[in-house]
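User: I would like to learn how to read a few features of a protein model. Can we go through them one at a time?

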Amino acid sequence: ISVELKHIYRQDDNVFIKILNAIRNDELTKQSYDLLHKRHIPNFKPPDNSGYITLTTHNRQANIINEEKLAQLKGKIHTFEASVQGNFSEYAYPADYKLKLKTGAQVMFLKNDSSSEKRYYNGKIGVVTGFEENSITVMCKGDTEEIEVGRETWENIRYNINNETKEIQEDFIGSFTQYPLRLAWAITIH
């Protein structure tokens, strides 16, 4: 079954949406290119704490920028180690195995809130405001209250066909548990 996703949720500027679709379909016109190019500011350096995110093509580039920005913050680094159970390849880890944060760090949520409160979603951006024994506090632009973030678990599932029923069945083979956050001054495009 093919499913085509047609509604765009993260953008509402129709001109920009048209340009993004043209790029996606390799149909960028000179007019659209020129419109994008007008926005280019060579050597632009965003002000600190402005919420800008640098988009990079490689994880290494994003990691360098994030580590530099983290080092510029005053205060103590808090390190949180993930818990891995069963079979979960390190190449498939959905978050940093060792998450390093400071108060003031710009972060992105990596998973939708599994609680009934639905306080955050995958891709939401915020700033770390504090640390408790079993939680990290994050404030997001537009929110009126800080979010107390606990650890989340990602499951590694293998799908098999049941020979008797011919139905697809899920076999749990491992899990990865970590705070669903990553540094987000820079992220990769994907």
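This is a predicted model: local features need pLDDT of at least 70, side-chain atom pairs count only at pLDDT 80 or more; totals for chains, interfaces and linings use all residues.

User: Which elements give two or more residues to its lining?

Analyst: Three can be named: helix H3 (59–72), strand E4 (98–101) and strand E11 (181–183). The lining residues include Asn63, Asn66, Glu67 and Leu70, along with Lys98, Leu99, Lys100, Arg182 and Leu183. Asp96 and Tyr97 also line this pocket.

User: How does the lining of the second largest pocket divide by class?

Analyst: It has 5 charged, 4 nonpolar and 2 polar residues.

User: Now the helices. How are two packed helices described?

Analyst: Two packed helices are described by the angle between their axes and the distance between the axes. In this model, helix H1 (residues 14–24) packs with helix H2 (residues 30–38) at an angle of about 115°, and their axes are 10 Å apart. The crossing of H1 and H2 is left-handed.

User: Which residues of H1 and H2 meet?

Analyst: From H1 come Val15, Phe16, Ile19 and Ile23; from H2 come Ser32, Leu35 and Leu36. By class, the residues of this contact are 6 nonpolar and 1 polar, with no charged residue.

User: Let us turn to strands. In what sense do E6 and E7 pair, and what joins them?

Analyst: Strand E6 (residues 125–131) pairs with strand E7 (residues 136–139) in the antiparallel sense, over 4 bridges. A hairpin of 4 residues joins E6 to E7. As an example of a bridge, valine 127 has methionine 139 in E7 as its partner. E7 is also joined to strand E8 (residues 147–149) by 3 bridges, again antiparallel. There, threonine 137 stands opposite glutamate 148 in E8.

User: What is the strand order in the open sheet of 3 strands?

Analyst: The order is E3-E10-E9, with antiparallel pairing. Strand E3 (83–86) and strand E9 (152–161) are the edge strands, each pairing on one side only. Neighbouring strands of this sheet are turned by 25° against each other on average, direction ignored.

User: How many bridges are there between E3 and E10?

Analyst: E3 pairs with strand E10 (residues 168–178) over 4 bridges. In one of them, serine 83 has threonine 177 in E10 as its bridge partner.

Key:
Residues are numbered from 1 along each chain as its sequence is written. Side-chain values use heavy atoms; hydrogens and water are left out. On a 1 Å grid over the protein atoms alone, a cavity is a set of points where a 1.4 Å probe fits but cannot get out, and a pocket is an open set with protein on both sides within 12 Å along at least five of seven lines; lining residues have an atom within 4 Å of a point. Ala, Val, Leu, Ile, Met, Phe, Trp, Tyr, Cys and Pro count as nonpolar, Asp, Glu, Lys and Arg as charged, and the others, Gly among them, as polar. Axes are lines fitted to C-alpha atoms, for helices over the stretch in contact, and angles run from 0 to 180 degrees between N-to-C directions. A crossing is left-handed if the near helix is turned anticlockwise from the far one by less than a right angle, and right-handed if clockwise. Contact means heavy atoms within 4.5 Å. Two strands pair if DSSP finds at least two bridges between them.
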